[in-house]
Amino acid sequence: MEMYYVSKGINNYIQVNGEQDLMEKSSPQCYRLKMIENNDIAGIIRPVCIEIDGRLTLKYNTCSCYVLDRLFLKFRPDGGFLKIIMSQLEGLLYRLREYLLEPDDVVLKPEYMFYNWSEKSLRLIYIPGYGISIKTQLKSFLEYIMKIFDHRDEEGVKYMYGMYDLICEDTFSIDDFKYSLESNDKAEIDKGECNNTQVESTQTISKEIMQQQNDKTITKLVPLTSGALKEIVVSKYDEMILVGRGKRETDYRIPTTQISRVHACIYLRSNGIFVEDRESTNGTFINSVRLEPLKQEQIRVGDLVNFANEEFFVV
């Protein structure tokens, strides 16, 4: 089973080349495919199915979502954000039961998990026949989170390791998962520590971390909205990087229709790195502020740079 990113027009997709048994009407995989194709299941990205040479290709449109592992370049997850993710994941697993869908077919790899920032919601892909134990995936996901977690959040650390210990138990089930989340929520309410806003949990980056970031040298711009794009590496050897849709005219190509043929330019100066909009149709933005054409503006670590609808984080 092949899984990779593709771009078409203004949209980004995950494309999965399915196995032969997805086409066999009597197979469980075929039933599961029909269920996710024909039902709007909250938290699951509905695929578009295309038959090619007797095999099904599934396309999942990830528009308006951040790739989770790249979102964490913007901030370190804390206990509040982790609880949001785990709670939404628990709800999704129970919804799958209602549709008689196997939880083992949900993909919990951070590079293929998504977060809709405006809706504050987790979005996942479901691949019939994926078949990797949900317990194994949850364990691997938390091990990934441990490496990037904000360990200054002591209560969050206790919650994270408590969930990890629970999942590692031999008798772990989804019911245990739900009970643990409900028990944790009740304990927080009893203490008067219940988190009343998800926005603060997901948007707060401490002044200390931001200061550390500002002291660093910019090395690259990391794409947040498309896993199909590579990082824009800025080194001492690159005095000018042209960004755009054109194949021959640019140093860094973004092959979508929203991007102009020569959209913008990144300059490496002795006093920093600057971005210039090259009179593009849909604009270049730094932290949501549109740049004046042909006017260079400096970028710093922590900035968000948009070339039309493609967003990059400066690290």
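Biologist: How many cavities of 30 Å³ or more does a search of the whole structure find?
Modeller: A cavity is a set of points on a 1 Å grid over the protein atoms alone, where a 1.4 Å probe fits but cannot get out. Searching the whole structure for cavities of 30 Å³ or more gives a count of 1.

Biologist: What should I know about the model before we go on?
Modeller: It's a predicted model, where local features need pLDDT of at least 70 and side-chain atom pairs 80 or more, while totals for chains, interfaces and linings use all residues. Residues are numbered from 1 along each chain, and side-chain values use heavy atoms, leaving out hydrogens and water.

Biologist: What volume does the largest cavity have?
Modeller: Volume here is the space filled by probe spheres set on the grid points. For the largest cavity that comes to about 40 Å³.

Biologist: Which helix gives the most to the lining of the largest cavity?
Modeller: The lining (residues with an atom within 4 Å of a point) is made up of L68, F72, P77, F81, L82, I85, F141 and I145. By class, that's 8 nonpolar, no polar and no charged residues. The top contributor, with 3 residues, is α3.

Biologist: Are α3 and α4 roughly parallel or antiparallel?
Modeller: The axes of α3 (residues 79-98) and α4 (residues 134-148) come within 13 Å and cross at roughly 170°. Angles over 145 degrees count as roughly antiparallel, so α3 and α4 are roughly antiparallel.

Biologist: Which residues of α4 do the α3 residues meet?
Modeller: Contact means heavy atoms within 4.5 Å. By class, the contact of α3 with α4 has 10 nonpolar, no polar and no charged residues. From α3 come L82, I85, M86, L89 and L93, and they meet I134, L138, F141, L142 and I145.

Biologist: Where does E279 lie?
Modeller: Most residues other than glycine have a negative phi. E279 isn't a glycine, yet its phi is positive, about 55°. E279 is also exposed (over 50% relative accessible area), at 58%. You'll find E279 in the loop between β13 (272-277) and β14 (284-286).

Biologist: And S288, what is its relative accessibility?
Modeller: S288 is in the loop between β14 and β15 (289-290). S288 has a positive phi of about 75° and is not a glycine. S288 counts as exposed because its relative accessibility is 68%.

Key
Axes are lines fitted to C-alpha atoms, for helices over the stretch in contact, and angles run from 0 to 180 degrees between N-to-C directions. Helices (H or I, at least four residues) and strands (E, at least two) are DSSP runs, numbered from the N terminus. Angles under 35 degrees count as roughly parallel, over 145 as roughly antiparallel, 65 to 115 as roughly perpendicular and the rest as oblique. Ala, Val, Leu, Ile, Met, Phe, Trp, Tyr, Cys and Pro count as nonpolar, Asp, Glu, Lys and Arg as charged, and the others, Gly among them, as polar. On a 1 Å grid over the protein atoms alone, a cavity is a set of points where a 1.4 Å probe fits but cannot get out, and a pocket is an open set with protein on both sides within 12 Å along at least five of seven lines; lining residues have an atom within 4 Å of a point. Buried means under 20% relative accessible area, exposed over 50%, partly exposed in between (1.4 Å probe, protein chains only).
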